[in-house]
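Subject: Structure for your study

Dear colleague,

Please find the structure below, together with its sequence.

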Protein chains: 2
Amino acid sequence: MLQDVLEYLDKQHHSAVDRMVDLLKIPSVSTDSAFAKDVRQAAKWVNQHLQESGLESQIHETDGHPIVLATNCDSPDAPKDAPHILYYGHYDVQPPDPLEKWDTPPFQPTIRNNAVYARGSSDDKGQVCCILEALMAWKKVAGKIPVRITVLIEGEEECGSGSLHSFVEKYKHKLKADVCVISDTTMWKPDTVAITYGLRGLLYFDLKLHGPSRDLHSGMYGGILANPCNELTRVLGKLFDDDHRVTIPGYYDNVQPVTAEEQQQWDALDFDEMKDCLTPVGVDTPFGEAGYTTLQRRWARPACDINGLYGGYGGEGAKTVIPSFAGAKVSFRLAAGQHPDHIAEIFEKWLRDQDTHGCKWEITNLGGAVPVAVSQNSPYMTAAAKAIGHSSGKEPVLVREGATIPVVGQFKEDLDLDSLLIGFGLTDDAIHSPNEKFNLDCFRLGYRTHAALIAEFAKLEWWT
Amino acid sequence: MLQDVLEYLDKQHHSAVDRMVDLLKIPSVSTDSAFAKDVRQAAKWVNQHLQESGLESQIHETDGHPIVLATNCDSPDAPKDAPHILYYGHYDVQPPDPLEKWDTPPFQPTIRNNAVYARGSSDDKGQVCCILEALMAWKKVAGKIPVRITVLIEGEEECGSGSLHSFVEKYKHKLKADVCVISDTTMWKPDTVAITYGLRGLLYFDLKLHGPSRDLHSGMYGGILANPCNELTRVLGKLFDDDHRVTIPGYYDNVQPVTAEEQQQWDALDFDEMKDCLTPVGVDTPFGEAGYTTLQRRWARPACDINGLYGGYGGEGAKTVIPSFAGAKVSFRLAAGQHPDHIAEIFEKWLRDQDTHGCKWEITNLGGAVPVAVSQNSPYMTAAAKAIGHSSGKEPVLVREGATIPVVGQFKEDLDLDSLLIGFGLTDDAIHSPNEKFNLDCFRLGYRTHAALIAEFAKLEWWT
């Protein structure tokens, strides 16, 4: 049966591209309320195509943009003994600015170099279309989808997924699947699909250090009272020791070590830290926590970054001021095992333990996301590896990512649900940047893989 | 003769106030070219009143705003055996912004609470008028000024005195006086005049630390390369040791110690570090270089201040960026004995000696000014103390200031000329701020003191 589905998909490749182009034409920029109508239009488009897959699909209103939720679980067709798969994706996109840097307009999808250029092509509309095409093909060829599935496509991923948590709470009973599948990541190389089984978490602070009640003349007051800029840099300067390890007591306590098996997998990967990572961003010196490789630092070790500094005079020339405050944005990428609540607690304690000589902290926790590390040994992981082998003709690699996909941790915390991250973007797709693109071979590989994945899942018998 | 001059001054106090008010009405904001005509108008006003003192006065064009230069040295009247005094002041003012915080308009001088409220009233037009009134009274009562004097009133003090250095070079022969007198400082207390014999110098840097060639995603790159914000705070955090001493090798090498005699004078001053200094600016903790008092720190010890921090994201909320650069404004207040050229050299070396893990410095020296410490034992100092005793009925105090008046160092370097800083402002005059004022008793004390000072100078016989 899968062979028929794949043949059908091959035959209708051009109309699949046309459908994706249709969706890409809709400027569903979620962060800008001027596009609210377009965002809703994209939700409608997704809803209609989910219905064409034979699913019961509906647009749900939220306090923000709508969420599209579709399922076959309530249908008499649904195979009762098959596993229940939750698909997640998003139909909203980043703003296209700066417009003048696009070679062709961001919402007039253009095909060249065997790729479609448009805002959202790789992140995430093109990848959502991979799932939709696979579902529609199964419906068309087999008459139904041979597993129980629920599909959640949201419209606020690019502006913080503000409505998702309460929606998940409300529809927990419908969303409590056996596994979640997400296509919003990249391939390892153009010929090698990656299954991402680990993500770092995040914790983000705004720190303000307040000193005098007003800006002061540095001649009259220099050297006789604590300058917030001096104090802030002095305190933040202590965040790292000479091995570039974070000095907050307990910071590394719960970090999960890399297993010998993982390390073997990573060693087998074709990865050159300079060529694949640092040289393209103009950096000639690998640097980080002593005793670890670049891949270990990115995937398995926590990081602490000052994302911004502000306070006092930053314009041209000189102004002899002692500012009344200074501030910094400080964030942590959390390694598997760390929890944002714990790190927030020990970081705040560490800050308050520093002597700031009379300056006072205003500490704002801007939120976090838990890190994720999924077992490599689940039946779903095995099914995914088989499906990818079938669709691409090559074994997938198992990787982690240094970045954070908050929804993955959220599904784990809210629904105790593991996610399979199988993405078809390429690292040069320029997501969030001008000239975003999605390669058409990746598109083909994407819908074929999802079709095969459904077949593999259907082979698993499962009782929830 | 002085007694006649003082009586005359007493009688015409009201018309003196009227003249000051006239000058204060002219919005001579030097930094804003929209006021260029007004600046010139103020120069004309000053020029005219210097001519009324019987001096040969002229407006000199510069690349910026005009300089008014007046003298009696070329006149047959000039007493050949008297010392030659250079008076310095400025007729330009700071911008009045924020306008909405003024109780009465900044260029509609208003008299209330025995003070005139207007931009420039204390800094420096009112104090320039003290000098002009004394000169005009001597001319009126005695027929001539009994010392050789040159008066230089510039119009660019509030925007950097850009034309002064080349003017001084050009007119060196006219400006090479025996001593310079400046009224642009404050009294010690409302009933006690201060002679300021020391000023700190200044050295100001813009520092940029460059890292990756573009802003990066902190998830993908966090922990694997040097973040310029992290590196900048780490390096600047090392500027001070635990005693809040600057760690740059050689930084304190040439700092002149406070003499036992000076320390006795300072101990005798009525000064409460909290009440007179820190509490009014909302600071409850004196802090600075260990082992020194607040007055010593302000007057005799160098300071290092970060005047601003910038780089990365400083807006609301979170942005997970590793910026391509981070920057800071860093300045030094130099103590007597230090030289900006030397400190610049050792600071730049110190910066370049720090390991920034591949990030690269862009160091911009924005200029400096030498510190000043004048001998307390010159005949001019003695003359000034006598004149102040006569005019105020109270001995003056000898003080230093923590701030910098670049022209004082410039006259010392260009003309080898020491300055007597005798000011009549009060510390609550709100210079550079809304509702600037000049107390009318201070105005009276000012012109009486300058009249008496001329008499004291005339008693000194001098051959240059």
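This is a predicted model: local features need pLDDT of at least 70, side-chain atom pairs count only at pLDDT 80 or more; totals for chains, interfaces and linings use all residues.

Residues are numbered from 1 along each chain as its sequence is written, and chains are lettered from A and ligands numbered from 1 in the order in which they are written.

The interface between the chains

Two residues are in contact if their C-beta atoms, placed from the backbone, lie within 7 Å. On this basis, 66 residues of chain A are in contact with 65 residues of chain B. Helices (H or I, at least four residues) and strands (E, at least two) are DSSP runs, numbered from the N terminus. Several such elements give two or more residues to the side of chain A that touches chain B, among them α8 (228-237) and α11 (294-299) of chain A. β11(A) gives the most to this side, with 7 residues. Of the interface residues of chain A, 98% are also interface residues in chain B, so the copies meet through the same surface.

The sheet that contains β11(A)

Two strands pair if DSSP finds at least two bridges between them. An open sheet of 4 strands in chain A has the order β11-β13-β9-β14, with antiparallel pairing. Its edge strands, each pairing on one side only, are β11 (303-310) and β14 (360-369) of chain A. From one strand to the next, the twist averages 15°. β11(A) is joined to β13(A) (residues 325-334) by 7 bridges, and the two run antiparallel; in β13(A), Val330(A) is the bridge partner of Ile306(A).

Axes are lines fitted to C-alpha atoms, for helices over the stretch in contact, and angles run from 0 to 180 degrees between N-to-C directions. Helix α12(A) (residues 340-353) lies across β9 (201-210), β13 and β14 of chain A, at about 165° to β14(A).

A covered strand

Is strand β8(A) (residues 194-199) mostly covered or mostly uncovered? It is mostly covered, as 6 of its 6 residues are buried (20 or more other C-beta atoms within 10 Å of the residue's own, these atoms being placed from the backbone). Strand β8(A) runs parallel to β16(A) (residues 397-401), to which 5 bridges join it, and Ala194(A) stands opposite Val397(A). With β17(A) (residues 419-422), β8(A) pairs in the antiparallel sense over 2 bridges.

A pair of helices

The axes of helices α1(A) (residues 2-11) and α15(A) (residues 440-459) come within 10 Å and cross at roughly 165°. That makes α1(A) roughly antiparallel to α15(A) (angles over 145 degrees count as such). The contact includes Leu2(A) and Val5(A) of α1(A), and Tyr447(A) and Arg448(A) of α15(A). Helix α15(A) also lies across β5 and β18 of chain A, running at about 65° to β18(A).

Yours sincerely

Technical notes:
A residue is buried if 20 or more other C-beta atoms lie within 10 Å of its own, exposed if 12 or fewer, and partly exposed in between; C-beta atoms are placed from the backbone. Angles under 35 degrees count as roughly parallel, over 145 as roughly antiparallel, 65 to 115 as roughly perpendicular and the rest as oblique.
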